[in-house]
Amino acid sequence: MSSIKSPIIISITSIAGGGKTALSHYIREKLPSSKCLHFDDFDCPTAPEDLDEWIEQGGNYSEWDIKPFVEQVNQTIEESQYTHIILDYPFARSHPALQQMIDYAFFIDTPLDIALARRILRDYKEKSGNDIIHYLEEYLIYSRPSYTAMTEREKLSADIIIDGNASVSLIAQNILKYIV
C-alpha cells in the first residue's frame with residue numbers, strides 16, 4: 001500500500017465574470033502546497049463554436065474535448081508535491097472526463113449583473129462605446145438566457161453553492177472551511 005496521499009482536487013465554477021480566477025488565485029495563496037490550473041489556459045481540440053446554441057441543444061459536455069486539461073491535472077497529481085489542486089473550471093462535476101477526480105465542486109453563484117459588469121470592465125477597456133452597446137445587445141438576446149441555463153445546470157453538479165455577492169476573501173474563507 002502506498003503512503004503517498006493524493007492531492008485534494010477542488011473545482012471552482014461560476015459563469016463568466018463570476019470570480020473563478022480571482023478566487024482560485026486567492027485560495028492558492030492560502031494553501032502554500034497547492035497548484036491552480038486555469039481551464040482558459042488550455043486549447044480544447046473540439047469545443048462548441050457557439051455556446052448559446054450548444055446550451056439550446058441540450059449542452060452535451062462530451063462535445064468538449066478537454067483532454068489537454070485532464071492531462072495537466074493528471075500530471076500535477078503525479079508530481080505529488082501538492083496537497084491541493086485548484087481547478088478554475090466552468091463545469092463543476094458535469095464533464096465526464098473529470099467528474100470522478102474532483103473531491104469538492106464549488107459553484108460561486110454570482111448575480112448576472114455583477115458578472116456582466118466584471119466582463120465589460122475586463123474585456124472592453126480598450127473598446128469603443130459602440131462595441132460595448134453591441135455586446136450588451138448580444139448579451140440580452142443570446143448570452144443571458146445561456147448564462148441562466150448554465151447556472152442552473154452547474155448548480156446541480158456542484159457539491160456546495162456559495163453566494164457570489166460576498167468579497168473574494170469571504171468566499172475563500174467559506175471554501176477553506178470545507179477543504180482544510
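## Ile162, a buried residue

Ile162 is buried, with a relative accessible area of 6%, where buried means under 20% relative accessible area, exposed means over 50%, and partly exposed lies in between, for a 1.4 Å probe and protein chains only. The model is a predicted one, in which local features need pLDDT of at least 70 and side-chain atom pairs count only at pLDDT 80 or more, while totals for chains, interfaces and linings use all residues. Residues are numbered from 1 along each chain as its sequence is written, and side-chain values use heavy atoms, with hydrogens and water left out.

Ile162 has its place in strand E5 (residues 160–163); helices (H or I, at least four residues) and strands (E, at least two) are DSSP runs, numbered from the N terminus. Not counting residues up to four places away in sequence, Ile162 touches Phe106, Phe107, Ile108, Asp109, Ile171, Asn174 and Ile175, a contact being heavy atoms within 4.5 Å. Ile175 is 13 residues from Ile162 along the chain, and the C-alpha atoms of the two are separated by 8.2 Å.

## Two nonpolar cores

A nonpolar core is a set of buried Ala, Val, Leu, Ile, Met, Phe, Trp, Tyr and Cys residues joined through side-chain atoms within 4.5 Å. The largest such core has 24 residues, and those with the most contacts inside it are Phe39, Ile66, Phe69, Leu87, Tyr89, Phe91 and Leu98. At least two residues of this core are supplied by each of helix H2 (51–56), helix H3 (67–79), strand E3 (84–88) and strand E4 (104–109), and the largest share, three residues, comes from H3. Apart from this core lies another, of 17 residues, among them Ile8, Phe106, Ile171 and Leu176.

Which residues does Tyr89 touch, not counting those up to four places away in sequence? Tyr89 touches Ser11, Ile12, Thr13, Lys20, Phe39, Ile66, Phe69, His95, Leu98 and Ile102.

## Packed helices

Two packed helices are described by the angle between their axes and the distance between the axes. Here axes are lines fitted to C-alpha atoms, for helices over the stretch in contact, and angles run from 0 to 180 degrees between N-to-C directions. Helix H1 (residues 20–30) and helix H6 (residues 168–179) pack at an angle of about 60 degrees, with their axes 10 Å apart. That angle makes H1 oblique to H6, because angles under 35 degrees count as roughly parallel, over 145 as roughly antiparallel, 65 to 115 as roughly perpendicular and the rest as oblique. On the H1 side the contact is made by Ala22, Leu23, Tyr26, Ile27 and Lys30, and on the H6 side by Val168, Ser169, Ile171, Ala172, Ile175 and Leu176.

The axes of helix H4 (residues 112–123) and helix H5 (residues 129–157) come within 12 Å and cross at roughly 140 degrees, which makes H4 oblique to H5. Leu112, Leu116, Arg119 and Ile120 of H4 make this contact with Ile132, Tyr135, Leu136, Tyr139, Arg144, Tyr147 and Thr148 of H5.

## Two loop residues with positive phi

Ser80, found in the loop between H3 and E3, has a phi near 50 degrees, a positive value in a residue other than glycine. Ser80 is partly exposed, with a relative accessible area of 41%.

Ala92 lies in the loop between E3 and E4, and its phi is near 45 degrees, again a positive value in a residue other than glycine. Is Ala92 buried or exposed? Ala92 is buried, with a relative accessible area of 1%.
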